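Trainee: I have a chain open on screen and some questions about how it is put together. Can we go through it?
Mentor: Go ahead.

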Amino acid sequence: MWTLSPTIDLIIPGTYGSPSTFIFTILPSWYIVQATGSSALTPVENQIIFLNQEMEEMKKKIYSIQDIQKVNSIKMSILFLHAVSGYDTVSCFYNIGKLKHFKLLNQFPELQGIVNVFNCPNSTPENIFKAGERYTLKLYGAPQSQTNIDEYRYLLFTRKTAGNKFKLASLPPSKEALKQHIYRTYHQVQMWHGQEKNAKDWGWQTTRNGLQPIFSWNEPAPKCILEKITCACTKNCGAACGCRKQGLKCSTACKTCSGLSCLNCEQQIIEEESDDNSNEDEDEIVYGPSSKRKK
């Protein structure tokens, strides 16, 4: 049993692993109220202590929210870093962990301006993508003169294919795929800030199975190549599906499912139809725990 001193409001024991794991999984600068879906900055006057239990290769450590909040760069960037590096509602960059994102922002303080764009509720989609593209180029080691993610992606492709081993997933995303990732990052950060925004404007689409992320509006390859990739799965098209392994949806050329009746088929998007008798005051669809929709 833990006893609180007059100067400590709360002690939370647990096994948090490395400092980087603690920073990004506990969100020390922010207290997110899960029950109500609201978010609020932990008051500086509250002293909350996270006690990292001693493990075989790690000594017992104590993390203080008050001390962490004194580092302004962490305090202002933690939400952006937590979202852009991969979250429940946001995809992640292949084989790039959260610690690399954290080190990048510490190494290049000038990137703090990018964080400010994502924290601002009035940022435009154009400014958000430009900021996200600049951040991603820096993340993949692009020179300062490089400003186009597609051009740098092709440059890395030509260099890496010269080697014996190469994974396409190690390349930065294409411009269109990155745009959707950046939009979902911004949407999630704003949700944490308590700003409700229409999810369909920020990388999401409505399907018969609910909201689904938009990974890209562009085809992953020319049609003549896509038509040569099919599967012969006997049922469901699960993890072993040839189309799924290539990051593709099943198509009419697939032997059994024909791209219509499997787990890897294209989700049918619900088209919004105008109705003169519809309620014009109906709420927008907003992704998040506090979302409401009138019927």
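Trainee: In what kind of crossing does H5 pass H6, left-handed or right-handed?
Mentor: The crossing of H5 past H6 is left-handed. Keep in mind that this is a predicted model.

Trainee: At what angle do helix H5 and helix H6 pack, and how far apart are their axes?
Mentor: The angle is about 145 degrees and the axes are 9 Å apart. H5 covers residues 112–119, and H6 covers residues 125–139.

Trainee: Which residues make that contact?
Mentor: From H5, Ile 114, Val 117 and Phe 118. H6 brings Asn 127, Ile 128, Ala 131, Gly 132, Arg 134 and Tyr 135. Sorted by class, the contact of H5 with H6 has 6 nonpolar, 2 polar and 1 charged residues.

Trainee: And H4, how does that sit against H6, roughly parallel or roughly perpendicular?
Mentor: The axes of H4 (residues 98–107) and H6 cross at roughly 105 degrees and come within 11 Å. H4 is therefore roughly perpendicular to H6, as angles of 65 to 115 degrees count as that.

Trainee: What residues are involved there?
Mentor: Lys 100, His 101 and Leu 104 on the H4 side, with Tyr 135, Lys 138 and Leu 139 on the H6 side. That contact of H4 with H6 divides into 3 nonpolar, 1 polar and 2 charged residues.

Trainee: Different topic. Where is Gln 188, and is that residue buried or exposed?
Mentor: Gln 188 lies in helix H8, residues 175–192. Its relative accessibility is 7%, so Gln 188 counts as buried, the cut-off being under 20%.

Trainee: What is Gln 188 in contact with, leaving aside neighbours within four places in sequence?
Mentor: Ala 83, Tyr 87, Thr 89 and Val 90.

Trainee: Now the loop between H9 and H10. What is the phi of Asn 236 there?
Mentor: Positive, about 70 degrees, although Asn 236 is not a glycine. Cys 237, in that loop too, has a positive phi of about 60 degrees and is not a glycine either. Most residues other than glycine have a negative phi.

Trainee: Last one, the whole chain. How many helices and strands?
Mentor: 10 helices and 7 strands. The chain has 295 residues, and buried ones make up 39% of them. The accessible surface comes to about 18,100 Å², with 51% belonging to carbon and sulfur atoms.

Methods
Residues are numbered from 1 along each chain as its sequence is written. This is a predicted model: local features need pLDDT of at least 70, side-chain atom pairs count only at pLDDT 80 or more; totals for chains, interfaces and linings use all residues. Side-chain values use heavy atoms; hydrogens and water are left out. Helices (H or I, at least four residues) and strands (E, at least two) are DSSP runs, numbered from the N terminus. Buried means under 20% relative accessible area, exposed over 50%, partly exposed in between (1.4 Å probe, protein chains only). Contact means heavy atoms within 4.5 Å. Accessible areas come from the Shrake-Rupley method with a 1.4 Å probe; for residues, only the protein chains shown count as cover. Axes are lines fitted to C-alpha atoms, for helices over the stretch in contact, and angles run from 0 to 180 degrees between N-to-C directions. A crossing is left-handed if the near helix is turned anticlockwise from the far one by less than a right angle, and right-handed if clockwise. Ala, Val, Leu, Ile, Met, Phe, Trp, Tyr, Cys and Pro count as nonpolar, Asp, Glu, Lys and Arg as charged, and the others, Gly among them, as polar. Angles under 35 degrees count as roughly parallel, over 145 as roughly antiparallel, 65 to 115 as roughly perpendicular and the rest as oblique.
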